[in-house]
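Work through the exercises below with the sequence and the 3D view open. Each task is followed by a solution in steps.

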Amino acid sequence: MRTRYYCKALFLLLVFGAATDAEAQVDPQLARRYFDEAKKLCERDAGRLWGVSLCGPLVIFDPATGTRATSHPEPPGPPPRFPGLADGPVTWGGQVWFAAPLYMLPEKDADLRQQLLLHALFHRIQAEHGLFAGASDGFNEHLDTFEGRVWMQLEWRALRRALQSTGSDQAEAIADALAFRRERRRLFPGAADNERRDEIREGLATYTGIAAWADSPADARRAAASALPVGEAPWSFVGNFEAASGPAYGVLLDDLMSDWRRQVTGASDLGDLLASATSRPPTADVAAAAARYDGATLRTAEEARDRAQQVRVAELRRRFVDGPVLTMPAGGSGTSDTRGSVGIPGVGTVLFNNFTLSAQWGRLNADSGVLRAADGRTLAVPVTKPLEGTTLKGDGWIATLNPGWVVRPAARPGSFAIVRER
C-alpha cells in the first residue's frame, strides 16, 4: 500500500525532518499511552460507524533502530516484516495487525495522532468488510496537470464552504462542488473511476479517523474543513487528494444521509452518494460558480506553477523516457511516499521517496526516482551502466532478483528489462 498522510503530517515531516536514533527509539510507556488513546476512542465508537468494532492489534515500530511496541502480547515465533517507512496491515499469529512507524505519530499533536491511529484501525478491517476499491490504486496523473489541479482546488473550496455553512448556503456550495467535480471528469475521461478508487481506499480511512475521533458533529465538520487546504496548494495531489476529499464528503453525508455507510461499497462514488442526498442538482454555470471561489486568482497561481513544472517534466522526460532505463513488472506489494511526485503526461508519475516493492520477480528499493507507468503495469528506474547478475544497482536504487528471473537488454539502446527466465 502507499504511504498516506494528512496534509498536517506532511508539513510536520518537512519542517522537523528526521529524528535522531535516540529520539526514534520506541518508548514502551509512550506507545502504551498511544494504544490506550486509540482503544478508548474505538470502544466509544462501538461499531457505530461501520457496524463492527475498530479495535484491534497495533504495532508501533522504528525501522532505523528496530525497536517496537505492541498493543497486544506478541504471538510466538518470529515477527513479520514491517512495512519500512510506511504504515500498513501485517499478518502476525493468524491475526491482522496494523503497523505504524513512530515518526508518523506526532507526540505534540494528540488530535492528529489519534486520528491517524483510528485511520490505521479502519485499514485493518477495510478489505474484509468490502470497502476496498480493487487490487490496484487509482492512477490519477491528471491531478498533476494545470486543469486537473484547478478544478480539484475549486471542488475543495466549495466543500470547505459547505462544511462551514448551513441551509441554502450549504446547498449552493455542495452543488458547486459537484459541478467542479463533474467538469474535471469531463475534461479527463477515465478520471472518475481512478479518483473513486482512491477516495474509497484512503478517503474513507481518513474520514473514519476524523469521525471516530470527533466529540460532536461540529468537531467533525471543523476537522474535515481543516483537512482541506486554504489558498493555493503547492504540493502534488497525485496520491494525496483523497485525504482532503474523503473526510469532506463523509462528514457532509453524515449530516444529510445518515445511513450512507450502510450503502457504500468498494464500487461507490462519494460524490454520487452526496448528490443523491441533496435535491439540488450540480450548478449549471461552472464559470459563475468558479468566480464565487476566486477562481481567477487560483488560475494565475497555477499558471506560474505550471510553467515551472514544465521545466521539471522536461528534465524527467530526458531521464525516464528518452534515456536508458531498467523496466520491471509493477505488480506486488510495497510502499511509496507520494510527496513531491511529478506526472509526465501520457507516460506516468515519478515517485521520489522511500519506494519499496516486493514482487514475484524480486525486490526494489529506490529513493531517487521511480517512474510508475500510467497504466500501472510497469516501473522504470534510470540506468547509467550495463546490468547483469541478480543484484542490480543504479543511482539511488537497488533491485534483487528472485530465482527464475533475469535481466535482459531492452529495445531502447542502453536499456534493460527484468523478465522471466526461459
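## Exercise 1: the surroundings of P329

Apart from neighbours within four places in sequence, P329 is in contact with L357, W361, R377, W405 and I418. The model is a predicted one.

Task: State which strand holds P329, and classify P329 as buried, partly exposed or exposed.

Solution. 
1. P329 belongs to strand β5, which covers residues 325-329.
2. The relative accessibility of P329 is 28%.
3. Buried means under 20% and exposed means over 50%, with partly exposed in between. P329 therefore counts as partly exposed.
4. One of the contacts of P329 is W361. The two residues are 32 apart along the chain, and their C-alpha atoms are separated by 7.9 Å.

## Exercise 2: aromatic pairs

Task: The structure holds 10 aromatic pairs. For W50 and W260, find the geometry of the pair and say which parts of the chain the pair ties together.

Solution. 
1. A pair of aromatic rings is described by the distance of the centres and the angle of the planes.
2. For W50 and W260 the centres are 6.1 Å apart and there are 80° between the planes.
3. Planes over 60 degrees apart count as edge-to-face, and the pair of W50 and W260 is edge-to-face.
4. W50 sits in the loop between α3 (28-45) and β1 (58-61), while W260 is in helix α10 (residues 260-263), so the pair ties together parts 210 residues apart in sequence.
5. W50 is buried, at a relative accessible area of 11%. W260 is buried as well, at 0%.
6. Ring pairs also link W50 and W260 with F122 and Y207 into a cluster.

Task: Treat F180 and Y293 in the same way: what are the ring geometry and the places of the two residues?

Solution. 
1. The ring centres of F180 and Y293 are 5.7 Å apart and the planes stand at 85°, so this pair is edge-to-face.
2. F180 is in helix α6 (residues 167-187), and Y293 is in the loop between α12 (286-291) and α13 (295-322). The pair links distant parts of the chain, 113 residues apart.
3. Both F180 and Y293 are buried.

## Exercise 3: the buried residues of α8

Task: List the buried residues of helix α8 and name helices that cover them.

Solution. 
1. Helix α8 spans residues 217-226, and its buried residues are D219, A220, A223, A224 and A225.
2. The cover over these buried residues includes α4 (110-126), α5 (146-163), α7 (191-213) and α9.

Key:
Residues are numbered from 1 along each chain as its sequence is written. This is a predicted model: local features need pLDDT of at least 70, side-chain atom pairs count only at pLDDT 80 or more; totals for chains, interfaces and linings use all residues. Side-chain values use heavy atoms; hydrogens and water are left out. Rings of Phe, Tyr and Trp (its six-membered ring) pair if their centres lie within 6.5 Å; planes under 30 degrees apart count as stacked, over 60 as edge-to-face and the rest as tilted. Helices (H or I, at least four residues) and strands (E, at least two) are DSSP runs, numbered from the N terminus. Buried means under 20% relative accessible area, exposed over 50%, partly exposed in between (1.4 Å probe, protein chains only). Contact means heavy atoms within 4.5 Å.
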